[in-house]
Amino acid sequence: MQRIAFAFALLLTTPIYAGPIEKACIQSDRPAASSRLCSCIQGVANQSLTGSDQQKAATFFADPHQAQVTRQSDDPGKEEFWLRYKEWTERAAKNCS
């Protein structure tokens with residue numbers, strides 16, 4: 001019976017689907033990272049970013065320098081991504097803080 005109760009409790013507290021940003025956020029070493037915050041920023045990403053944008057943004061958690069490289073790039077695709085990324089970060093900061 002205890003195993004069933006434990007399994008049920010685990011099911012209730014585990015997200016059915018954690019997106020790439022939420023996973024990267026939770027796995028990051030940032031002190032402010034919490035499941036609530038990470039879930040919120042993933043929700044904003046779902047509304048603002050494509051799946052490939054989310055995959056790219058998720059890599060910035062492990063390697064923040066790549067965000068700077070992307071921001072400074074002269075590549076038109078990276079510039080367009082950066083504008084979407086910047087808008088997402090502003091919305092996430094507003095909605096999730």
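The model is predicted, with local features needing pLDDT of at least 70, side-chain atom pairs counting only at pLDDT 80 or more, and totals for chains, interfaces and linings using all residues. Residues are numbered from 1 along each chain as its sequence is written, and side-chain values use heavy atoms, without hydrogens and water.

**View A. The largest pocket and its lining.** Here you can find Arg 30, Leu 37, Ile 41, Ala 57, Phe 60, Phe 61, Tyr 85, Trp 88, Thr 89, Ala 92 and Ala 93 lining the largest pocket. Two or more lining residues come from each of α3 (35-48), α4 (51-62) and α6 (76-96); helices are DSSP runs (H or I, at least four residues) numbered from the N terminus. The largest share, five residues, belongs to α6. A pocket is an open set of points on a 1 Å grid over the protein atoms alone where a 1.4 Å probe fits, with protein on both sides within 12 Å along at least five of seven lines; lining residues have an atom within 4 Å of a point.

**View B. Ile 41 and its contacts.** Beyond its neighbours within four places in sequence, Ile 41 is in contact (heavy atoms within 4.5 Å) with Ile 21, Cys 25, Phe 61, Trp 88, Ala 92 and Cys 96.

**View C. Ser 52 on helix α4.** Look for Ser 52, which is exposed (over 50% relative accessible area, 1.4 Å probe, protein chains only) at 55%. Ser 52 and Phe 81 sit 29 residues apart in sequence, with 9.9 Å between their C-alpha atoms.

Methods. Buried < 20%, exposed > 50% of the residue type's maximum accessible area, 1.4 Å probe, protein only.
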